[in-house]
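Please look through the sequence and the model shown here before reading on.

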Amino acid sequence: MSCHIAHEQAAAASRPLTLRSRPLRVALVGQPNVGKSVVFGRLTGRYVTVSNYPGTTVAVTQGRVLVGAEVCDVIDTPGVNTLEGTVSEDERITRDVLETDRADLVVQVADARNLRRALMLTGQIATFGKPTILALNMVDEAFARGIVVDAPALEAELGIPVIEMVAVEGRGMAELRDALARAAVPHVPTAARAGATARAEWAHALTTRVRHVSTISLARIQETLAWATRTPLTGLPILAVVLYALYLFVGVFGAQTLVKLLEDGVFGRGINPASTWLVDRVIPIPIVHDFLVGEYGLVTMGVTYSIAIVLPVVATFFLMFGFLEDSGYIPRLAIFCDRIFRTMGLNGKAVLPMVLGLGCDTMATMTTRILGTPKERLIAILLLALGIPCSAQLATILGILGGISFAALATLFGVVIGQMILVGWLAARVLKGERSEFILELPPIRWPRIGNLLTKTRLRVWWYLGEAVPLFLIGTVLLFVLDRVGALVWLSAAGRPIVTGLLGLPPATAQILVMGFLRRDYGAAGLFQLAHSGQLTGVQAVVALTVMTLFVPCVANFLMMVRERGLRTGLAIIGVITPIAIFTGAGLNYVLRSLGVHF
Amino acid sequence: MDVGAQGVVVDIVPGDNVENVESGEGRSPSADRLLSLGVTPGARVTMLQRFPGIVFLCDQTELAVERGVANAVLVRPWENPS
Ligand SMILES: Nc1nc2c(ncn2[C@@H]2O[C@H](COP(=O)(O)OP(=O)(O)O)[C@@H](O)[C@H]2O)c(=O)[nH]1
């Protein structure tokens with residue numbers, strides 16, 4: 001009976017398609033990291049975030065193409081391992097696409113090395129009764145490992161087109177387009193539909209019939225690297241090297257060389273004097289002058305901060321992050337972090353959002369969705385807001401403290417990490433809910449593709465600028481207004497008991513801390529200038545930066561927290577973090593002063 | 001299982017919330033997840049490392065898991081046919 005339906009649908013799919021009143025909807029479905037995004041890009045000529053770890057294609061991307069005479073809407077869905085039972089957020093999105101008429105036809109993209117797993121998914125896709133094509137991708141990597149799949153035999157068994165592909169080189173794309181008309185509902189025996197175990201047995205047996213593994217080639221450079229990055233003896237030194245490279249590239253090259261070039265050169269000598277001159281020429285009204293090019297001027301402060309100080313740091317960080325991400329390195333870090341994260345009610349998986357948080361906490365807050373349980377997500381969001389400095393802050397920290405001493409840096413990181421562990425430990429005990437067990441698939445180590453890396457970095461930087469620059473400008477306008485109506489003086493005065501008394505900082509930092517809420521990096525940049533002009537002592541710098549790091553996240557991050565977890569939780573997180581930041585700062589100030597530390 | 005040892009998955013021990021042991025599904029979230037990642041009865045596994053975390057190879061998939069999860073996978077030694 002199911003066979004009958006299958007044939008009918010197969011016929012429907014190959015009918016002359018001009019009769020259709022709307023484009024044919026083609027959904028790309030597959031396990032994470034099998035090359036779906038690359039296939040999508042090749043099919044549609046559009047770009048989706050391609051990366052080497054799960055959880056990057058969070059939303060559904062769509063593109064329209066002409067295949068032969070047929071207009072197709074191609075949908076890229078988030079990677080899925082299963083479509084049944086308790087599914088993750090990603091998996092639900094994909095299931096929705098399959099359940100509704102958002103897909104007329106399914107192209108299952110699969111990793112040719114992992115045929116067994118692919119077939120387990122095919123078995124589930126079949127239950128949706130849609131015409132399907134199996135695209136066996138990465139046959140190059142499979143071949144290198146001595147794995148050969150007998151595609152015609154598999155085609156005969158499943159009754160659907162099976163296309164062998166190397167998507168990154170475009171091999172098999174033409175065959176895939178041609179096969180659209182031949183798509184059919186996969187033939188899965190009724191016995192295999194009984195449940196996961198039955199399906200697994202079917203997939204196993206079928207794999208044994210059509211797959212041939214010749215020699216297991218072990219000594220490839222990728223395998224050696226994969227081994228080296230997860231073994232402590234080599235893994236920890238590699239981690240140290242990676243961190244040092246990150247410091248050199250982002251902290252030194254980005255935050256110092258490029259910032260200096262842009263701030264002093266392009267803006268200091270070029271844009272700012274030029275716009276001042278222009279404003280004075282064209283609109284010689286004092287208030288306009290101040291608004292645009294004054295102390296809190298839109299150009300001299302807003303644009304300069306965002307472009308000259310923040311952009312280089314963010315761009316270099318995202319480039320480096322993209323490299324680590326695409327190479328498959330980051331998930332391997334999870335092995336080392338699993339234990340420590342478990343004391344905080346998380347597991348090793350949390351390393352992904354935490355590392356991304358070093359770039360932008362807002363973006364990282366969004367990716368906490370990859371974590372298993374609501375409790376884990378909440379703890380991760382809290383810790384991101386509390387202790388993970390974003391790239392601009394990190395740059396300020398490295399820029400200011402790096403110039404003072406290593407001890408200053410170590411103090412700050414020690415205090416912040418200590419606080420995170422303490423707060424995480426408490427949160428894990430206080431909050432209700434469960435921790436999920438640590439199970440993580442490690443992607444193979446690959447050499448990232450430069451083109452992909454650049455596109456991805458460009459998209460992320462654009463995203464960041466779209467989020468940050470408007471807030472920077474609004475922040476500047478707000479500062480300007482506050483300054484005009486005298487509120488800035490008042491705010492600084494109100495904050496003075498805490499800032500100068502408790503924390504022992506110069507009065508001007510009050511305003512910087514307040515503005516830091518608007519954008520963390522904005523506050524960071526302000527602190528940077530304060531330190532540059534020599535207004536901070538070593539101890540003051542350490543205390544100010546510690547408070548700034550622990551302090552409330554920026555507005556964008558707060559809004560993202562509210563979006564992900566609701567207003568009440570967002571406010572609660574701020575309510576927890578603010579006192580922690582202030583009391584830690586006060587305690588640190590007290591201890592450092594009574595010990596007579598000078599750095 | 002020692003590092004380097006190979007085996008065949010026999011079963012995945014149910015977690016605390018046993019509901020549907022017969023079909024092998026719904027045993028525990030971890031068991032379901034392992035199944036969906038290809039750790040199914042009959043699959044070949046190789047232990048890659050035990051410290052600082054357990055990593056094993058199942059078919060062509062490298063999986064990092066915590067001890068509790070690894071302990072739930074029942075394995076019988078795999079004899080080399082040659
Ligand atoms: N060697 C090889 N690598 C591929 C192939 N297709 C994709 N990749 C790489 O596999 C990784 C994952 O691809 P992606 O499209 O992000 O997978 P997705 O998660 O399924 O969307 C990327 O680094 C690609 O460059 C292929 O045919 N051969």
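Is A:Arg117 buried or exposed? A:Arg117 is buried, with a relative accessible area of 5%; buried means under 20% relative accessible area, exposed over 50%, and partly exposed in between (1.4 Å probe, protein chains only).

## Basis of the model

This is a predicted model, in which local features need pLDDT of at least 70 and side-chain atom pairs count only at pLDDT 80 or more, while totals for chains, interfaces and linings use all residues. Residues are numbered from 1 along each chain as its sequence is written, chains are lettered from A and ligands numbered from 1 in the order in which they are written, and side-chain values use heavy atoms, with hydrogens and water left out.

## Salt bridges

Over all chains, the whole structure holds 24 salt bridges, each defined as a side-chain nitrogen of Lys or Arg within 4 Å of a carboxyl oxygen of Asp or Glu. In one of them, A:Arg117 pairs with A:Glu441 (3.2 Å, N to O). A:Glu441 lies in strand β9 (residues 439-442) of chain A and A:Arg117 in helix α4 (residues 115-126) of chain A, so the pair ties together parts that are 324 residues apart in sequence. Helices (H or I, at least four residues) and strands (E, at least two) are DSSP runs, numbered from the N terminus. A:Glu441 also counts as buried, at 18% relative accessibility.

A second salt bridge joins A:Arg145 and A:Glu223 (3.3 Å, N to O). Its partners are 78 residues apart, with A:Arg145 in the loop between α5 and β6 (147-149) of chain A and A:Glu223 in helix α9 (residues 221-230) of chain A. Both A:Arg145 and A:Glu223 are buried.

## Surroundings of the ligand

The ligand is surrounded by 18 residues, counted when one of their heavy atoms lies within 4 Å of it. Among the closest are A:Asn33, A:Gly35 and A:Asp140. A backbone N or O atom of A:Asn33 is 2.8 Å from an oxygen atom of the ligand, and a polar side-chain atom of A:Asn137 is 3.0 Å from an oxygen atom of the ligand.

Taken alone, the ligand exposes 580 Å², of which the protein buries 94%; these areas come from the Shrake-Rupley method with a 1.4 Å probe. The helix α2(A) gives the most to the shell, with three residues.

## Backbone features

A:Asn33 is found in the loop between β1 (24-30) and α2 of chain A, and its phi is near 70 degrees, a positive value in a residue other than glycine. In chain B, a cis peptide bond joins B:Phe51 and B:Pro52, with omega about 0 degrees.

Definitions and conventions:
A polar contact is a pair of N or O atoms within 3.5 Å; within protein, one must be able to donate a hydrogen and the other to accept it, and residues adjacent in sequence count only if both atoms are side-chain atoms.
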